Amino acid sequence: MKDKVKTNMKTAFITGITGQDGYYLTELLLEKGYKVYGMIRRGSLPTTDRLKPFFDNPNLVLKNGDLADSAVITRLIGEIQPDEIYNLGAMSHVGISFEIPEYTVDVDGTGTLRILEAIRHNGLEAKTKFYQASTSELYGRIQETPQTEKTPFYPRSPYGAAKMYAYWITVNYRESYNIFACNGILFNHESPMRGLGFVTRKITNTVVKIVLGKETQLKIGNLDASRDWGYAKEYVEGMWRMLQVDEPQDYVLATGVTQTVRSFVESAFKHAGITIEWKGEKGTVDEFGICTETGKTLVVVDPQFFRPAEVELLIGDATKAKEDLGWSPKVNCEELVGIMYNADLEYEKKRG
Ligand code: NAP
Ligand code: GDD
């Protein structure tokens with residue numbers, strides 16, 4: 001019986017396992033009884049902090065590697081012979097991609113090709129299913145609203161352009177070599193596990209620090225950008241479902257509701273019992289936000305966070321995922337702010 005369980009155990013290989021989505025996907029797959037292999041990068045400090053809760057689980061195995069290194073990827077995929085590969089690894093910060101564009105395309109674009117070629121090289125076309133972490137950044141300067149799987153792409157950053165190559169090479173390997181390969185076109189999804197460089201976590205974390213007297217102001221970029229923000233824990237379930245259906249297809253995952261950065265800021269301060277009133281010229285560097293009760297300036301606009309080209313508005317239509325995968329998100333943006341604010345309060349109190 002024990003052997004039978006082992007034989008039936010599915011094996012997954014995750015790149016980007018140390019990131020936000022890597023954490024939630026690992027949790028989900030371990031709960032489902034998968035053997036999970038994750039590729040990690042060597043850092044001068046440990047990069048595996050998010051994975052600490054799973055360190056004692058014998059079904060989690062971590063292997064050194066990098067999306068820039070074809071030889072390692074080919075070797076690992078050959079050794080592991082995974083049933084499913086989730087390619088979450090990426091230089092995922094849109095703003096920073098303008099500063100390191102060549103590296104971004106190597107990892108986010110060519111890195112995807114390296115995995116697909118490794119599947120072929122190891123003769124795994126009929127066995128291994130492939131998930132590509134595609135993105136709503138593909139829509140960039142949006143061509144229609146809301147955005148669906150059929151909306152034309154118009155990326156607005158080196159990150160978006162690199163992910164566009166990754167999107168099409170995934171489609172191409174599906175059509176050319178019959179690989180079960182799909183793109184999840186995921187709109188922004190956030191959580192307490194979100195990196196501090198992304199706007200939502202930066203906001204909830206800084207607001208908490210202001211409340212605890214560790215910071216005095218939130219310095220922010222474009223307040224009027226609008227995003228369709230969902231909860232990451234729900235989105236990894238959608239990734240998994242994409243690999244469990246009969247036919248490989250591409251799917252949008254989104255909430256269908258968009259909010260501005262400005263309203264996210266207001267909402268995070270509201271959780272702290274603070275009402276923000278905006279002063280100065282709207283949409284310029286002269287705008288700032290004050291606490292209505294004390295008159296203190298708590299939010300200032302800092303042009304260092306502006307981008308050379310901006311994606312102003314994203315709002316997704318996930319009807320196809322609902323119909324084919326039975327996937328629909330439950331947590332709305334207001335609840336998400338609460339989840340993140342409360343987690344940051346715990347986190348910052350513990351840090352002292
Ligand atoms: P994240 O927290 O920034 O995690 C990125 C992961 O990629 C980390 O594990 C990172 O490793 C790894 N990585 C970076 N460079 C690598 C390289 N050269 N070789 C191997 N691994 C590398 O990102 P996330 O939010 O979890 O997103 C997961 C994926 O979904 C990314 O591909 C992202 O572009 C895409 N996506 C995200 C969203 C979103 O809203 N979160 C939406 C659409 C698509 P280290 O820990 O060592 O840095
Ligand atoms: N990061 C950041 N920091 N963004 C800011 C700031 C700031 O201080 N101030 C304003 N923004 C604006 C950005 O200009 C952007 O319009 C919006 O807030 C969201 O920025 P991010 O949170 O950095 O996310 P993103 O939308 O650029 O990219 C994320 O979502 C994509 C899916 O649409 C990343 O997770 C990407 O990897 C992902 O593909």
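This is a predicted model: local features need pLDDT of at least 70, side-chain atom pairs count only at pLDDT 80 or more; totals for chains, interfaces and linings use all residues.
Mentor: Residues are numbered from 1 along each chain as its sequence is written, chains are lettered from A and ligands numbered from 1 in the order in which they are written, and side-chain values use heavy atoms, with hydrogens and water left out.

Trainee: Why does Gly-338 count as buried?

Mentor: Buried means under 20% relative accessible area, exposed means over 50%, and partly exposed is in between (1.4 Å probe, protein chains only). Gly-338 has 7% relative accessibility, so Gly-338 counts as buried. Gly-338 lies in helix H11, residues 333-351. Helices (H or I, at least four residues) and strands (E, at least two) are DSSP runs, numbered from the N terminus.

Trainee: How far apart are Gly-338 and Ala-272 in sequence and in space?

Mentor: They are 66 residues apart in sequence. In space, C-alpha to C-alpha, Gly-338 and Ala-272 are 9.9 Å apart.

Trainee: Why does Leu-113 count as partly exposed?

Mentor: Its relative accessibility is 21%, so Leu-113 counts as partly exposed. Leu-113 belongs to helix H5, residues 101-121.

Trainee: What should helix H7 span, and what do its end C-alpha atoms show?

Mentor: The expected span is 1.5 Å times one less than the number of residues. H7 covers residues 199-211, and its 13 residues should span 18 Å. Its end C-alpha atoms are 18 Å apart, which agrees.

Trainee: What makes H7 largely enclosed?

Mentor: Eleven of its 13 residues are buried, so the rest of the structure largely encloses H7. Among them are Thr-200, Arg-201, Ile-203 and Val-207.

Trainee: How do you know that H8 is mostly covered?

Mentor: Nine of the eleven residues of H8 are buried. They include Ala-232, Tyr-235, Trp-240 and Met-242.

Trainee: What does H8 supply to the second largest pocket?

Mentor: H8 gives five residues, the largest share of the lining. Helix H2 (20-31) and helix H8 (232-242) each supply at least two lining residues.

Trainee: What makes something a pocket rather than a cavity?

Mentor: Both are found on a 1 Å grid over the protein atoms alone. In a cavity, a 1.4 Å probe fits but cannot get out. A pocket is an open set of points with protein on both sides within 12 Å along at least five of seven lines. Lining residues have an atom within 4 Å of a point. Points are joined across faces, edges and corners, and a volume is the space filled by probe spheres set on the points.

Trainee: What is the volume of the second largest pocket, and which residues are closest to its centre?

Mentor: The volume is about 220 Å³. Of the 13 lining residues, Lys-233, Glu-234, Glu-237, Arg-241 and Trp-327 are the closest to the centre.

Trainee: How is that lining divided by class?

Mentor: Ala, Val, Leu, Ile, Met, Phe, Trp, Tyr, Cys and Pro count as nonpolar, Asp, Glu, Lys and Arg as charged, and the others, Gly among them, as polar. The lining of the second largest pocket has four nonpolar, two polar and seven charged residues.

Trainee: How many cavities of 30 Å³ or more does the search find?

Mentor: It finds one in the whole structure. The largest cavity has a volume of about 30 Å³. Its lining has three nonpolar, one polar and five charged residues. Glu-137, Arg-156 and Ser-157 are among them.

Trainee: How do you know that E1 and E2 pair?

Mentor: Two strands pair if DSSP finds at least two bridges between them. Five bridges join strand E1 (residues 11-15) to E2, and the two run parallel. Phe-13 stands opposite Tyr-37 in E2.

Trainee: Why is the crossover from E1 to E2 called right-handed?

Mentor: Point the strands away from the viewer; a right-handed path from the first strand over the helix to the second runs clockwise. The chain crosses from E1 through H2 to E2, and this β-α-β crossover is right-handed.

Trainee: What makes E2 largely enclosed?

Mentor: Five of the six residues of E2 (residues 35-40) are buried, so the rest of the structure largely encloses E2. Five bridges also join E2 to strand E3 (residues 60-64), in parallel.
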